[in-house]
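Here are a few exercises to work through with the model open on your screen. Try each one yourself before you read the solution.

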Amino acid sequence: MTQGPIRADFDQYMIPTYAPAAFIPVKGKGSVITDQQGKEYIDFAGGIAVNGLGHGNEKLKQALTEQADALWHLGNGYTNEPVLKLAKQLVESTFADKVFFCNSGAEANEAALKLARKYAHDKHGANKNEIVAFSNSFHGRTLFTVSAGGQPKYSQDFAPLPGGIHHTEFNDIEAAKALINANTCAVIVEPIQGEGGVVPAQVAFLQALRELCDQHDALLIFDEVQTGVGRTGHLYAYMHYGVVPDLLSTAKALGGGFPIGAVLTTNKFASTLSVGTHGTTYGGNPLAAAVANAVLDQINQTAFLQGVDERHTLFITKLNEINEKFALFKDIRGLGLLIGCELIDTHSGQAKVISNLAAEQGLIFLIAGPNVIRFAPALNIPIKDIETGLSRFTAALDIYLKKE
Ligand SMILES: *Cc1c(COP(=O)(O)O)cnc(C)c1O
């Protein structure tokens, strides 16, 4: 009998861009995953804020298999029923009039930035090309989006980088005022910086960006790749903030685990991307669109979104109790089911160590930089799984402190 794949095969056959866990998950149901050895883990990672409906959601399985029986792919020379339904559903649920589909968050931001450049180019000429972005932001890994991102360690090795991108401090209104001017074509911002440490924008900051963009005819882009599709207890985080962007990028949870991304915008800006000016082979693929329709059908419901808020309250209450015991966190923050726990200075850099100990206890979660533990579980995670997960978290912290 030949042996099945093992973890060592990763090091032997894969380009080493990742350092995956020592175990290999083979099954998931709801918010529990099982590895090759049959060990179970509570999933507070949600596939990096992707599996909004957990693993093995019956309605997603049904949507995918029904579409698999009907039509897989044709390319954008033909439209298809699922993509039309999805576009309509997104338009009717948001500020947007029009949608462009792609396959990932990076591609959604790439399209948004290209649209903003072209809009300014068409209307004002070539000098209005500057993009303002923020320190510690994350917008994806294409060369344009990684350059817009505010973590130079991700972009510097790929120089020369696209020009005309300027960074300033997140949540600093005066700094933004100093940088945004007549040559600015776009401002790109995450309503909550996800990878950068689960740092929510202040309402006044987003309002100020909105005003500055209006003043200078620059496009305000909200990168909602992580905050979108119910994550904050609203369909999109802009609804929580009451600040409406010109362009919104969405991906991650939109496909619930099936790759899809999209840019949402109004009629005013949509016409910039006229026939032939941008495109993708897979974008708007019927399989992806059929699944995303089934995702929105379930998440975009008042009762479902209220459930996200209830779970948020439970998480925050219990995390505060845990912190009363261990005093390891200087801040516990976030919206909905995007929650960050920032380690106190004497434990800085230890988030990964704690996450490895938690995995031994049967709990997986994310980190956001070296100092922040990040929870982004399924939006419908059962209450008992939250309780079990947090008691495993407590056990892991106990072991961590005893090892000190
Ligand atoms: C994950 C993420 C991206 C990149 O999405 P990909 O699908 O990995 O390309 C962009 N922006 C934000 C805010 C993200 O969290």
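**Exercise 1.** What distance separates the centres of domain 1 and domain 2, taken over C-alpha atoms?

Before you start: this is a predicted model, where local features need pLDDT of at least 70, side-chain atom pairs count only at pLDDT 80 or more, and totals for chains, interfaces and linings use all residues. Residues are numbered from 1 along each chain as its sequence is written, and side-chain values use heavy atoms, with hydrogens and water left out.

*Solution.* Start with the bounds: domain 1 covers 7–56 + 302–403 and domain 2 covers 71–299, as set by an automatic or database domain assignment. Their centres are 27 Å apart. Now look at the interface: 25 residues of domain 1 are in contact with 25 residues of domain 2 (contact means heavy atoms within 4.5 Å).

**Exercise 2.** Find the largest nonpolar core and say which residues have the most contacts inside it.

*Solution.* First, the term: a nonpolar core is a set of buried Ala, Val, Leu, Ile, Met, Phe, Trp, Tyr and Cys residues joined through side-chain atoms within 4.5 Å, and buried means under 20% relative accessible area (1.4 Å probe, protein chains only). The largest one has 96 residues, with Leu209, Leu319, Phe375 and Phe393 making the most contacts inside it. Its largest share, nine residues, comes from helix H12 (residues 302–326); helices here are DSSP runs of H or I with at least four residues, and strands are runs of E with at least two, numbered from the N terminus. Each of domain 1 and domain 2 supplies at least three residues to this core. Then zoom in on Leu209: leaving aside neighbours within four places in sequence, Leu209 touches Phe134, Ala176, Ile180, Val187, Val189 and Leu220.

**Exercise 3.** Work out how the protein holds the ligand, starting from the residues around the ligand.

*Solution.* List the shell (a heavy atom within 4 Å): among its members are Ser104, Gly105, His139, Glu190 and Asp223. Helix H5 (residues 105–124) gives the most to this shell, three residues. Next, check the polar contacts (pairs of N or O atoms within 3.5 Å):

- A backbone N or O atom of Phe138 sits 3.2 Å from a ligand nitrogen.
- A side-chain N or O atom of Gln226 is 2.7 Å from a ligand oxygen.
- A side-chain N or O atom of Lys252 is 2.6 Å from a ligand oxygen.

Finish with the area: alone, the ligand exposes 380 Å², and the protein buries 82% of that (Shrake-Rupley method, 1.4 Å probe).

Key: Buried < 20%, exposed > 50% of the residue type's maximum accessible area, 1.4 Å probe, protein only. Polar contact = N/O pair within 3.5 Å; in protein donor to acceptor, adjacent residues only side chain to side chain.
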